[in-house]
Amino acid sequence: METRRLQMLAELARRGSMRAVAEATGTTTSTVSQQVAALAQEMGTALIEPHGRRVRLTPAGRRLAEHAVTILAAVEAAQRDLSPDAPPTGTVRVAGFATAIRAQLLPIIGNLSTSHPQLSILVREHEPTEALQLLANDEADLALTYDYNLAPAEPDPAVVITPLWTAPWGLGVPDHAARPSVPGAPEVFRRFRTADWIGNSRNPGDETVIRTLASMAGFTPHLTHQADSLDLVQGMIAAGMGVGLLPMGTSTLPGVQLVPLTAPDVVLRAFAVARRGRDSWPPLALLTDLIIRQSARSA
């Protein structure tokens, strides 16, 4: 059903003649007649009937004209709401990993309730693979994800990826096993070739990095334990259960020491990801911009 035809019918109900509708819409009486006739054929019922030398709406025509006013108003409201110049309103569904939510998203949500009271944020904590799947299924509007420079994510032409921040990672080891720093991540790994290795239970990127550096060091790592929580990874290391990747600069538990990894460096890269074509939606564009600014402040 074309909204232009509904507009012609609504104008006819208001102005009473084809000529008046033509003058108001900048068209011809023939065009108005054709549009109303096409609408009648589409609806399967007569919408106008002769009335002297003019026409008038049938009962069905009057009823449809009432609906037309409501429909056209809804379409106009939707156009205003989706316009790039419209004030952001609605709900933005965000799926992302805990660090990004905690550091970049939570600090801005409180301010949004004051600056944009008609905008709400729905938050779900997920690892990158899970968040991207929700995005693909239209169950999320924005995904906060990460990969590693040594385990880059596969490019997807269906999404728009905005870099947020990077962070160096090191190797968490038991205090008693730490030694003076040596050049080269492969040499660091070689020192722990007989150790058990702790991977991420929900993201294969950690395991890819571990296997890549272990291969450069000439051995196959014994990957045993898995944990998603960085605190739990530290707890396992402190308990002597193995070694694992941790972000540099993090506060370590007693019994845990961080060894830097360089040449090659291990770098986590965080991103904001949206489906292509939806990134310009005002609420999403605003939130992404605020996250980018918060990331710059936190860097």
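Biologist: Let's start with Arg63. Which helix is the place of Arg63?

Modeller: Arg63 sits in helix H4, which covers residues 59-82. Keep in mind as we go that this is a predicted model.

Biologist: Is Arg63 buried, partly exposed or exposed?

Modeller: The idea is to compare the relative accessible area with two cut-offs: under 20% is buried, over 50% is exposed, and values in between are partly exposed. Arg63 has 48% relative accessibility, so it counts as partly exposed.

Biologist: Now to helix H1. How many residues does H1 have, and what does it reach from its first C-alpha to its last?

Modeller: A helix can be checked against the span expected at 1.5 Å a residue. H1 has 13 residues and reaches 18 Å, close to the expected 18 Å. Just after H1 comes Gly16, with a positive phi of about 90 degrees.

Biologist: Which residues of H1 are buried?

Modeller: Arg5, Leu6, Met8, Leu9, Ala10, Glu11 and Leu12 are. Leaving out residues up to four places away in sequence, Glu11 touches Gly16, Val21, Ala24 and Thr25.

Biologist: How do I read the packing of H1 against helix H3? At what angle do their axes cross?

Modeller: Look at the approach of the axes and at the angle. The axes of H1 (residues 3-15) and H3 (residues 29-43) come within 9 Å and cross at roughly 110 degrees. Because angles from 65 to 115 degrees count as roughly perpendicular, H1 is roughly perpendicular to H3. The crossing is left-handed.

Biologist: Which residues make that contact?

Modeller: From H1 come Arg4, Arg5, Leu6, Met8 and Leu9, and from H3 come Thr31, Val32, Gln35, Val36, Ala38, Leu39 and Glu42. Sorted by class, the contact has seven nonpolar, two polar and three charged residues.

Biologist: What about H1 and H2?

Modeller: Their axes also come within 9 Å, and they cross at roughly 120 degrees. That angle makes H1 oblique to H2. The crossing of H1 and H2 is right-handed. Met8, Glu11, Leu12 and Arg15 of H1 make the contact with Met18, Ala20, Val21, Ala24 and Thr25 of H2. These residues divide into six nonpolar, one polar and two charged. Ala20, which lies in H2 (residues 18-25), has a relative accessible area of 21% and is therefore partly exposed.

Biologist: Let's finish with the backbone. Is the peptide bond from Ala263 to Pro264 cis or trans?

Modeller: Omega is the angle to read, and here it is near 5 degrees, a cis bond. Pro264 is in the loop between strand E10 (256-260) and strand E11 (267-275). Ala263, also in the loop between E10 and E11, has a positive phi of about 45 degrees although it is not a glycine. With a relative accessible area of 57%, Ala263 is exposed.

Biologist: And what is phi of Asp138?

Modeller: Near 60 degrees, a positive value in a residue other than glycine. Asp138 lies in the loop between helix H6 (128-136) and strand E5 (142-148). At 31% relative accessibility, Asp138 counts as partly exposed.

Conventions: Residues are numbered from 1 along each chain as its sequence is written. This is a predicted model: local features need pLDDT of at least 70, side-chain atom pairs count only at pLDDT 80 or more; totals for chains, interfaces and linings use all residues. Side-chain values use heavy atoms; hydrogens and water are left out. Axes are lines fitted to C-alpha atoms, for helices over the stretch in contact, and angles run from 0 to 180 degrees between N-to-C directions. Helices (H or I, at least four residues) and strands (E, at least two) are DSSP runs, numbered from the N terminus. Angles under 35 degrees count as roughly parallel, over 145 as roughly antiparallel, 65 to 115 as roughly perpendicular and the rest as oblique. A crossing is left-handed if the near helix is turned anticlockwise from the far one by less than a right angle, and right-handed if clockwise. Contact means heavy atoms within 4.5 Å. Ala, Val, Leu, Ile, Met, Phe, Trp, Tyr, Cys and Pro count as nonpolar, Asp, Glu, Lys and Arg as charged, and the others, Gly among them, as polar. The expected span of a helix is 1.5 Å times one less than its number of residues. Buried means under 20% relative accessible area, exposed over 50%, partly exposed in between (1.4 Å probe, protein chains only).
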